[in-house]
Amino acid sequence: MLLANYLDAKAVLFVDHAANKEEIYHQMVSRLHGSADFRISTTELLKLILARDAESSTAYPTGIAIPHIRIEGIDDTLVSVCMLKDPLDYDGIDVTVIVLMITEKTASRLYLNLVSAFIQLSKDTLAMQELKRQKDAHQLISAIKRLGITIKASLHISDIMNCTPITIGPDKTLKELSDVLSNHGLTYLPVVDDEGKYLGEVDILNLLKVGVPDYLMMLDHLSFLDSYEPLENLLEQEDRMLVADIMRTDQEFLSPDSSIIEAAHEMIQGNKRYYSVVQNNVLAGVISATDIFTKVVRA
Amino acid sequence: MTMMLLALVVFAFTYLLIITEWINKMLAALMGGFLVVLFGILPQSAAFAAIDWNVIFLLIGMMLVMSVLKETGIFQFIAIKTAKLAKAQPLRIMIYMFVITAVISAFLDNVTTVMILIPIVLLIANQLKISPIPFIINMAIASNIGGTATMIGDPPNILIGSATELSFMDFIFNLAPIIVINLIVSVGVLHIIYRRGIHVSSESRARLMEFKEDNLIKDKKLLYRSLVIVFIMLVAFTLHDVIHIEPASVAMTAGILLLILHNRKKVDHVLMHDVDWATIFFFMGLFMIVESLKQTGVIDLIAKQIVQLSQHDLKTTSIVLLWFSGIFSAIIDNVPFVTTMIPLLKTIGTYFPDTSINPLWWSLSLGACLGGNGTLIGASANIVSVGIANRNGFHISFKEFTKLGMLHMFLSLVISNVYILIRYF
């Protein structure tokens with residue numbers, strides 16, 4: 001099914017400038033409100049959307065934001081598109097296209113496929129330029145139709161991963177590593193060389209392991225010890241040991257075109273919350289269990 | 001004749017693979033075992049029938065018992081208690097640990113014993129800020145000495161006990177006294193080597209005394225029940241002559257009961273981590289290979305030669321066997337050696353119809369078990385201990401281990417030699 005067929009010209013807006021999200025959402029909701037049998041008012045709808053937005057960001061790195069809510073009893077999936085001339089700031093991402101979706105509580109498949117289609121569209125720079133040139137709703141819809149984007153495509157890791165993750169080099173000391181982790185509030189970093197080639201990964205447990213010697217790991221219980229300072233060793237080694245000494249190099253990574261279910265499967269089976277996403281040996285991004293949770297499950 | 005040669009070739013090839021460690025020794029033994037069948041040296045049924053299930057189930061049973069006993073925290077408790085009893089003085093800790101290791105490994109597998117005790121010694125040495133290397137080498141040596149004392153302490157004894165009429169108590173009566181003497185001498189040696197003392201600050205000592213070993217016993221009820229079952233198991237071993245239940249069945253029953261007590265539903269963890277399948281299959285393969293030597297007459301041939309060479313002199317044969325087993329086991333794994341020697345000694349026994357060949361069994365046991373101390377690669381406990389040390393940044397070289405090990409092996413064999421001469425001839 002073509003993405004264009006899901007769009008209704010009535011629900012497509014062109015806005016030059018908006019002070020905030022609320023203002024735009026209000027206009028979008030008003031356009032949609034007549035199209036289905038809503039049991040709640042536009043104000044209540046707006047509140048729900050803003051509340052969902054506050055939970056986690058709905059913006060994607062390509063400059064598209066997909067705010068959405070699920071409500072019971074509308075038995076449809078409604079889409080409103082807003083083209084912005086002046087970008088709106090979504091937690092650091094400049095958003096120029098907003099797609100609002102209101103869908104039935106149980107209809108997750110269609111919703112995810114729509115999201116995927118919009119994200120795919122937003123990544124195509126030429127297509128986006130073409131769309132931004134359009135002046136009215138009908139033109140926009142026919143332009144999207146010409147692009148032939150279908151909504152059958154499923155969501156891939158590349159659609160929801162963090163494309164610009166913080167990384168670290170193998171020759172950095174543990175002190176530098178611990179600074180990076182601490183400054184960015186991270187627990188996982190991919191290790192790459194100067195050309196961005198993926199070398200391995202390091203997480204906070206690899207770092208802590210330096211402070212817990214192997215012989216302690218061999219003991220079944222440590223309950224008799226309460227004065228041991230396990231991190232002493234870590235502090236001693238911090239300036240001497242390098243990321244290369246502790247990183248995992250087992251080549252456990254995912255590819256950008258893996259499906260979301262594959263990522264979830266790997267995470268559960270490997271008991272790992274983060275995976276580097278690698279294509280042709282080059283790091284493409286990082287996907288976390290939280291990405292899957294917030295962008296797919298809770299989406 | 002062709003079959004005889006073929007059997008010898010398979011045997012030699014397997015041995016070569018085990019010595020060179022070109023492939024994993026379990027794979028080598030199993031491959032040899034099935035080559036025997038594939039070449040038609042033995043029918044499959046005969047090869048399978050050669051597997052001594054008494055040995056296999058005794059090993060598995062003891063592994064099951066250990067898996068639960070380890071969980072109770074009792075061994076860590078004993079180790080820490082020992083260090084505290086030694087008032088945190090290094091030489092005293094070393095001597096106490098030497099004895100404790102020997103005693104525990106008399107009843108448990110040596111490798112398991114060092115795997116439980118060495119991490120604790122590393123921790124203690126870390127707290128005392130001293131090198132753990134002398135402790136580690138000496139504990140590996142102690143586990144090999146202690147393991148010789150009982151029928152269940154070391155694989156050679158398990159093999160001999162199962163293959164002969166010798167009972168659990170026979171092992172205790174004949175081997176335990178010499179092992180006690182051996183331990184006393186070894187402790188004397190330790191005292192001489194390390195008497196200059198290893199200095200520790202009183203602050204470090206205080207840190208060690210702070211250990212709260214009582215916290216280790218999480219489940220007192222489980223511990224008491226486990227100890228009762230283990231006690232009954234040991235009593236049943238000693239009453240072997242009276243109750244006529246083989247050690248394998250006793251150990252398996254104890255193991256199963258303990259597992260039920262500990263965790264009725266979950267066995268995956270035990271099967272994956274606590275039962276050493278590689279060892280079990282290694283034994284199985286060896287039994288099959290050695291059976292082919294027996295069936296094709298190789299064993300008979302060699303036995304005849306040995307008896308002729310020794311001119312029917314049991315005394316000389318015993319002493320030669322002791323030293324030969326000792327030196328041989330110092331260089332390679334003693335399990336394949338003892339598995340091969342058992343049918344050989346049994347055949348030799350038929351040439352001495354009027355006298356008991358028991359001294360030969362004790363010579364084989366003492367030589368094979370104590371010889372393991374000779375070099376770093378002489379016993380699995382040595383390799384495992386040094387491996388743990390290496391992983392923790394304490395590098396023990398082949399030479400460093402062998403210097404001390406050789407000394408202990410030589411002393412043990414001399415003591416054993418004197419003992420055999422006095423007691424049996």
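1. A residue is called buried here if 20 or more other C-beta atoms lie within 10 Å of its own, and exposed if 12 or fewer do. The model to which this is applied is a predicted one. Thr82(B) has 20 C-beta neighbours inside 10 Å and therefore counts as buried.

2. Thr82(B) is part of helix α5 of chain B. Leaving aside residues up to four places away in sequence, Thr82(B) touches Tyr96(B), Met97(B) and Ile100(B). Helix α6 of chain B covers residues 90–107.

3. What lies between α5 and α6 of chain B? A loop, and Lys87(B) has its place there. Lys87(B) has 11 other C-beta atoms within 10 Å, so this residue is exposed. The backbone of Lys87(B) deserves a look: phi is near 55 degrees, a positive value in a residue other than glycine. For background, most residues other than glycine have a negative phi.

4. Chain B as a whole contains 22 helices and 0 strands. Its radius of gyration is 22 Å, close to the 22 Å given by the globule rule for 425 residues, so chain B is as compact as a globular protein of that length. The C-alpha trace of chain B spans about 70 × 50 × 45 Å along its principal axes.

5. Two further figures describe the packing of chain B. Of its 425 residues, 49% are buried. If one takes the contacts in chain B between residues at least 6 apart in sequence, 82% of them join residues at least 24 apart.

6. Chain B also touches chain A. How many residues does each chain bring to the contact? Chain B brings 19 residues and chain A brings 13. On the side of chain B that touches chain A, at least two residues each come from α4 (53–71), α5 (74–85), α7 (110–128) and α21 (380–391). The helix that gives the most to this side is α7(B), with 4 residues.

7. Turning to chain A, the domain assignment gives domain 1 as 3–154 and domain 2 as 174–297. The centres of domain 1 and domain 2 of chain A, taken over C-alpha atoms, are separated by 36 Å.

8. In which sense do strands β9 and β10 of chain A pair? Strand β9 (residues 274–279) and strand β10 (residues 282–288) are antiparallel, with 6 bridges between them. Gln279(A) stands opposite Val282(A), a residue of β10(A). The two strands form a hairpin with 2 residues between them, and in the turn Asn280(A) has a positive phi of about 50 degrees.

9. Asn271(A) is found in the loop between α12 (260–270) and β9 of chain A. Phi of Asn271(A) is near 50 degrees, again a positive value in a residue other than glycine. Is Asn271(A) buried or exposed? Asn271(A) counts as exposed because it has 6 C-beta neighbours inside 10 Å, where 12 or fewer is the limit for that class.

Terms used
Residues are numbered from 1 along each chain as its sequence is written. Chains are lettered from A and ligands numbered from 1 in the order in which they are written. This is a predicted model: local features need pLDDT of at least 70, side-chain atom pairs count only at pLDDT 80 or more; totals for chains, interfaces and linings use all residues. Domain bounds come from an automatic or database domain assignment. Two strands pair if DSSP finds at least two bridges between them. Two residues are in contact if their C-beta atoms, placed from the backbone, lie within 7 Å. The radius of gyration is taken over C-alpha atoms; the globule rule is 2.2 Å times the number of residues to the power 0.38.
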